[in-house]
Amino acid sequence: MARRTEAGNAGTRSGKSAARPSSRNAGRRTDSPGARAPERHKNFYDYSLVFAVVFLTAFGLLMIYSSSSYMAQINPRTNDAAFYLKRQGMIALGGFVLMVIISLMDYHWILKCSKFAYALSYVLMIAVMIVGKEVNGKKRWLGVGPLSFQPTEFAKLALILFLTVYIVEKGREINRWKGIAMLFALDFPIAALVGKNNLSSGIIILGLGFVMSFVATKRYIVHLLLCALAGLGVAVINPVSHALLAVGLLHPYQLSRILVWQDPARYAQDGGYQVLQGLYAIGSGGLMGKGLGESIQKMGFVPEAQNDMIFSIICEELGLFGAVSLILVFLFMIYRFLVIANSAPDLSGALLVVGIMAHIAIQVILNIAVVTNTIPNTGITLPFISYGGTSVLFLMVEMGLVLSVSHSIRADG
């Protein structure tokens, strides 16, 4: 911009060179060698992020087929080795088309719908509690005709949009205690509502508010205190979990997951079975793995291997090398988020990308931590990799929003 301004001032100072063309030259093209063509600008588009999304989605489809083909073939309900691959592939393809469409839109138009989306997330979460479809003893699904989806995925995106608009509207007031308290007051109720039936998603929603407020405010003491409280809660997790159970904020099955996490071998035939089998899969993979498609644990030993525990099958078939390579791709994706957020044309674009980055990062960390028994089992999918149509569809929508922000960045051409 400085160069363009200086060039304009220089032309003005030259007097005649800045004058309008005479009537004799009106309508003629000035293609003389000394004439300077007007500067043109083209918008940036992050093809590196597109490559990461395509790679992760394709790799996820490959691992879904590898981890589910045996059980899907012998299951009389599916009776097709490629059953899960076909379903996930169709939704991923539709999601990719939706991602491209959203990436070419102005994200400011989508942010205008944030308040409606935030209110709708409450309606959907209340609806799933009342008329939701129960699967494995949990109401997480809403059915619309032959289709069903998880409203929790919509709630995550709605909160990202809403907090982005809220922080931008508050401006400098977000640095005051009242502004921070209001932000968490908007975050906590939807997190509690989601966490009632899906604790992992509730944790993610709390994490979204934490990260976005940390980036937007200067009062880091609040976040340090929250981290200290979280650490203290982990240190005294047993009395805290029993207290939460007594007041109804924790379900008995969630308490059993905490007990299993502390000593999975003690509950080997009960809640610890899946955890132990996942650890066996990780340990048996070694450095380079048994080879693609050669997993033993996927043959009924790890229940629903294509879902939350798919990372253990990756470790068994591709070894430590494959697991680390996958983590590096996720780190590359997060790096691209940081580049786009840093170059975003306005605060709303930067915060939108930060919120989506926090969602992906927290979910990847939680999934890998669960599979390795670092934290209690919370039932969380690995983004782009685990089987789940609702998850991959909303992830593609989020990627479209990030690409929309990148498309608004000016690049000199």
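Predicted model: local features only at pLDDT ≥ 70, side-chain atom pairs only at ≥ 80, totals over all residues.

Residues are numbered from 1 along each chain as its sequence is written, and side-chain values use heavy atoms, with hydrogens and water left out.

Entry on the count. I looked up the salt bridges (a side-chain nitrogen of Lys or Arg within 4 Å of a carboxyl oxygen of Asp or Glu) and found seven in the structure.

Entry on D80. Its side chain meets that of K86 in a salt bridge, at 3.0 Å from N to O. D80 is partly exposed at 25% relative accessible area, and K86 is partly exposed too, at 47%.

Entry on E173. Its side chain pairs with K170 in a salt bridge, 3.9 Å from N to O. I have E173 down as partly exposed at 41% and K170 as partly exposed at 31%.

Entry on K290. Which residue does K290 form a salt bridge with? The partner is E316, with the closest N and O atoms 3.3 Å apart. K290 sits in the loop between helix 12 (272–285) and helix 13 (310–343), and E316 is in helix 13, so the pair ties together parts 26 residues apart in sequence. I take helices as DSSP runs of H or I, at least four residues, numbered from the N terminus. K290 is partly exposed at 39%, whereas E316 is buried at 0%.

Definitions and conventions. Buried < 20%, exposed > 50% of the residue type's maximum accessible area, 1.4 Å probe, protein only. Helix = DSSP H or I, 4+ residues; strand = E, 2+ residues; numbered from the N terminus.
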